[in-house]
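Hi,

Here is the structure I promised to pass on.

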Amino acid sequence: MNRHTHQACTSFLAGKLATLDGSTLIARNEDNFVAIWPKRAVVHPANEDRDRHFVSKGNAFTTTLPEQAYHYTAMPDNDPSEGYFEESGINDQNVAMSATESAYTNSRVLGIDPLVTDGIAEDAMLTVVLPYVDSAQAGIQRLGQLVTENGAAETNGVLFSDAEEVWYMEIVSGHHWVAQRIPDDAYAVVANQLAIEDVDFIDTKNFLTSPGIRQFVQENRLNPDGNRFNSRHIFGTQTIDDAHYNTPRVWYGHKLFTPSALENPSSQDLPFIRHAERKISVGAVEQFLGSHYQETPFDPLGTGSEEAKHQFRAVGLSRTQNSHILQIRRNVAPVLAGVVWQCLGNPAFSPYLPFYAQGDQVGLAYGEDNAAYNGQNPYWANKLLDVLSEAHYHQNRKLLADFLNQTQAAGYQRLHLGDQQATVSAASLGQFNAETADALAQAIQVQTGKLVQANADLSALTFTMDAGL
């Protein structure tokens, strides 16, 4: 089975003043072309044994890794034969990274600076960046240098955050990139398109770019606007696919967080930066990542026409393998600040597990080999839950909603309890993570049992019989 990395993923970013508790948030659904592609959770200790001569299994991208490496969490593919695809994590400097949001560069640009076959790509990105950076900006600079010197194999968006800042970086050609800091009081939704708009080269506190990008654009007459540097216009695409596959997800995110915004779901000019009308909670981000255009004619599980229900690609999918919210908190001790809210499956139906990034484990089952079906394995347990939940969605809506509400509350409760620990260490946080994982596993098994019974009662192969028979 070949992995397809493009035309997938939805991302969300929010600054510290936009969130309910002052945390920074970056989040993403890692989607695939297939419904089953097993993922697992790992915790890498600081300075673990590794070959410093890194060679990607995906495309032979090569680099020399720094000598010192930080502890970090990751969500790799179970099968590493095509590359690690570690995707998302937080290191012990409380730097969070999520990679990548696949996107597209237009043919004008690629004709001049094409993508590099053995350049850095999604499969290697988190592995060669996150363990070696101590701030969000340092992450951009390290990845940017790799792109400039080695080239990039793909057009990608990458999310970075620390306790103070949230950044979105876009690799826009074979050797060029741009990055923008999300304003502290704002949020952004990205869906498989180049999203950054006007770049201010003087404002280096909020914009970073590859060396010579302005000259590259000027010399090759790539700027359609002339008197401004709109990165989306210069490097991006505006296709029919964009209008139906990508922009509707951005529109729906804006609809949830900024309800007064009157936008067209297929508009090619939706703003990158938005301000929410209420403070943003982790729970609200969970609901967005599991959304499928509820309360609109475009809901694939709704009551609209068949044409409307299949017009736009939803956010939460059966193809979602790893949905995560990376939270860096500012109101607790640094060792407790980094929290990974992890969902293995479609967040429309599957819950999020909060675990402390500085723990030495998540839970033994989360790291086990899961190539074959095993109902006790977290990945497969969530996939089974997704299938059973969708099977009779309308008849079971209250059962499904109650479960997500209860597990969301339980996640908050676990975090509140964990924050009150008298003494904290990597081992104690790891043990706490494992206990959280066990509790969630039990909740999933109970919900699975309820759905089996409910769906059995709804079988078409049944018949109402006389009570006396």
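**Buried charges and salt bridges**

Arg313 counts as buried because its relative accessible area is 8%, under the 20% cut-off. Bear in mind as you read that this is a predicted model. The partner of Arg313 in a salt bridge is Asp31, with 2.9 Å between the closest N and O atoms. Asp31 is buried too, at 2% relative accessibility. What I like here is the sequence separation: Arg313 sits in the loop between helix 8 (306-309) and strand 14 (320-328), Asp31 belongs to strand 2 (residues 24-31), and the two are 282 residues apart, so this pair links distant parts of the chain.

Glu30 and Lys39 form a salt bridge through their side chains, at 3.2 Å from N to O. Lys39 has a relative accessible area of 1% and is buried, and Glu30 is buried as well, at 1%.

Then there is Glu165 with Arg181, a salt bridge whose closest N and O atoms are 3.1 Å apart. Glu165 is in the loop between strand 9 (156-161) and strand 10 (166-171), while Arg181 is in strand 11 (residues 177-181), so the bridge ties together parts 16 residues apart in sequence. Both residues are buried. They also belong to a network, in which salt bridges with shared partners join Lys16, Glu164, Glu165, Arg181, Asp184 and Arg330. The total count of salt bridges comes to 16.

The largest pocket has a volume of about 840 Å³. Its lining is made up of 32 residues, and those nearest the centre are Glu286, Gln287, Phe288, Gln294 and Asn405. Helix 6 (240-257), helix 7 (282-289) and helix 12 (397-419) are the elements that give two or more residues to this lining. Helix 12 gives the most, 7 residues. Sorted by class, the lining has 16 nonpolar, 10 polar and 6 charged residues.

Since helix 12 comes up there, I checked its length. Its 23 residues should span 33 Å at 1.5 Å a residue, and the end C-alpha atoms are 33 Å apart, which agrees. The buried residues of helix 12 include Leu400, Phe403, Thr407 and Gln408, and also Gly411, Arg414, Leu415 and Gly418.

The second largest pocket has a volume of about 400 Å³. It is lined by 25 residues, with His44, Phe54, Tyr72, Tyr84 and Thr127 closest to the centre. Strand 3 (42-44) and strand 4 (53-55) each supply at least two lining residues, and strand 4 has the largest share, 3 residues. Here the classes are 13 nonpolar, 5 polar and 7 charged.

Thr127 is also one of the buried residues of helix 2. That helix (residues 122-129) is mostly covered, with 8 of its 8 residues buried.

Asn192 is worth a click. It is located in the loop between strand 12 (187-190) and strand 13 (207-209), and its relative accessibility of 0% makes it buried. The side chain of Asn192 reaches the backbone oxygen of Ser102, at 2.9 Å.

Cheers

Key. Residues are numbered from 1 along each chain as its sequence is written. This is a predicted model: local features need pLDDT of at least 70, side-chain atom pairs count only at pLDDT 80 or more; totals for chains, interfaces and linings use all residues. Side-chain values use heavy atoms; hydrogens and water are left out. Helices (H or I, at least four residues) and strands (E, at least two) are DSSP runs, numbered from the N terminus. Buried means under 20% relative accessible area, exposed over 50%, partly exposed in between (1.4 Å probe, protein chains only). A polar contact is a pair of N or O atoms within 3.5 Å; within protein, one must be able to donate a hydrogen and the other to accept it, and residues adjacent in sequence count only if both atoms are side-chain atoms. On a 1 Å grid over the protein atoms alone, a cavity is a set of points where a 1.4 Å probe fits but cannot get out, and a pocket is an open set with protein on both sides within 12 Å along at least five of seven lines; lining residues have an atom within 4 Å of a point. Grid points are joined across faces, edges and corners, and a volume is the space filled by probe spheres set on the points. Ala, Val, Leu, Ile, Met, Phe, Trp, Tyr, Cys and Pro count as nonpolar, Asp, Glu, Lys and Arg as charged, and the others, Gly among them, as polar. The expected span of a helix is 1.5 Å times one less than its number of residues. A salt bridge is a side-chain nitrogen of Lys or Arg within 4 Å of a carboxyl oxygen of Asp or Glu.
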